[in-house]
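Here is a short tour of the structure shown below. Keep the viewer open and follow along section by section.

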Amino acid sequence: MTHVTWEELTDRLAAHLTPDRLQHSLGVVETAARLAVRWGAAVAQARLAGLLHDCAKGLTADELLQWAAAFGIVRSDTEIACPDLLHGPVGALLAWKEYGVTDRAVLTAIRLHTLGAPDMGLLDKLIYLADYIEPGRAFPGVEDLRRRAEQDLNQAVLRAMDGTIRYVL
Ligand code: FE
Ligand code: FE
């Protein structure tokens, strides 16, 4: 999956993220691992994708656009106006180039974690949802969504998407 140890990954990540963002990422690790057990996904993949999902969050808008340009990520007008939307796809690149992750399923889950996609796989859904309901999140309805995540995964993902789309807009 990666030749780097968990401690090394966390240390490296800590150098690139604010303490709050690191705390959020560790919350996603915890929630993604629990959801992986609940829904029968690989816990190691869920933890790794959770840890690194926001690894590009520390980049500036210019850096995000430069990475995207360098790797041929197609940028829409919206993404050029709001480069933060690129932190998923650029994060997948960073996870590969800078953190040594080669597992495509993990990289895909990182890539899709903000905007989602049609035909998301189980791991993609778990990370998408864990990002939304990890213990550090507080918004009206989060408790309900946490319960729902244990009962009906797809419905919970749809709810989370609804919230994310509103936020992104
Ligand atoms: Fe994110
Ligand atoms: Fe996140």
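## Ground rules

A donor here is an N, O or S atom within 2.8 Å of the metal (3.2 Å for Na, K and Ca); water is not among the atoms, so sites may look incomplete. With that in hand, the iron ion (ligand 2) and the iron ion (ligand 1) lie 3.4 Å apart, and aspartate 54 coordinates both.

This is a predicted model, in which local features need pLDDT of at least 70 and side-chain atom pairs count only at pLDDT 80 or more, while totals for chains, interfaces and linings use all residues. Residues are numbered from 1 along each chain as its sequence is written, chains are lettered from A and ligands numbered from 1 in the order in which they are written, and side-chain values use heavy atoms, with hydrogens and water left out.

## The two iron sites

Let's start with the iron ion (ligand 2). His24 (NE2), His53 (NE2), Asp54 (OD) and Asp131 (OD) coordinate this ion at 2.2 to 2.3 Å, and along the sequence these donor residues are spaced H-x28-H-D-x76-D. The angles among the four donor atoms run from 79 to 172 degrees, and the site is irregular. For reference, four donors count as tetrahedral if all angles lie between 85 and 135 degrees; four count as square planar and six as octahedral if opposite donors are over 155 degrees apart and all others between 65 and 115; anything else is irregular.

The iron ion (ligand 1) has Asp54 (OD), His87 (NE2) and His113 (NE2) as its protein donors, lying 2.1 Å from the ion. Their spacing along the chain is D-x32-H-x25-H. Helices (H or I, at least four residues) and strands (E, at least two) are DSSP runs, numbered from the N terminus. Both histidine 87 and histidine 113 are buried, where buried means under 20% relative accessible area, exposed over 50% and partly exposed in between (1.4 Å probe, protein chains only).

Where in the fold is aspartate 54 found? Aspartate 54 is in the loop between α3 (43-52) and α4 (61-70). Its relative accessibility is 2%, so aspartate 54 counts as buried; histidine 53 is buried too.

The side chain of aspartate 54 makes polar contacts with the side chains of histidine 24, at 3.3 Å, and histidine 87, at 3.0 Å. A polar contact is a pair of N or O atoms within 3.5 Å; within protein, one must be able to donate a hydrogen and the other to accept it, and residues adjacent in sequence count only if both atoms are side-chain atoms. Leaving aside neighbours within four places in sequence, aspartate 54 is in contact (heavy atoms within 4.5 Å) with Leu17, Arg21, His24, Ser25, His87, His113 and Asp131.

## Helix α3

Seven of the 10 residues of α3 are buried, so this helix is largely enclosed by the rest of the structure. The buried ones are Gln45, Ala46, Leu48, Ala49, Gly50, Leu51 and Leu52. They pack against α1 (6-14), α2 (19-39), α6, α7 and α8.

## Rings and charges

Rings of Phe, Tyr and Trp (its six-membered ring) pair if their centres lie within 6.5 Å; planes under 30 degrees apart count as stacked, over 60 as edge-to-face and the rest as tilted. The count by this rule is two aromatic pairs. In one of them, tryptophan 67 and phenylalanine 71 have ring centres 5.6 Å apart and planes at 10 degrees, so the pair is stacked. Phenylalanine 71 is found in the loop between α4 and α5 (77-81) and is partly exposed, with 34% relative accessibility. Beyond four places in sequence, phenylalanine 71 is in contact with Leu93, Trp96 and Lys97.

A charge sits over a ring if NZ of Lys or CZ of Arg is within 6 Å of the ring centre and within 35 degrees of the ring normal. Lysine 97 has its charged end over the ring of tryptophan 96, 5.2 Å from the centre. Arginine 38 lies over the face of tryptophan 39, at 4.0 Å from the ring centre.

## One backbone angle to check

Aspartate 119 has a positive phi of about 60 degrees although it is not a glycine. Aspartate 119 lies in the loop between α7 and α8 and is exposed, with a relative accessible area of 80%.
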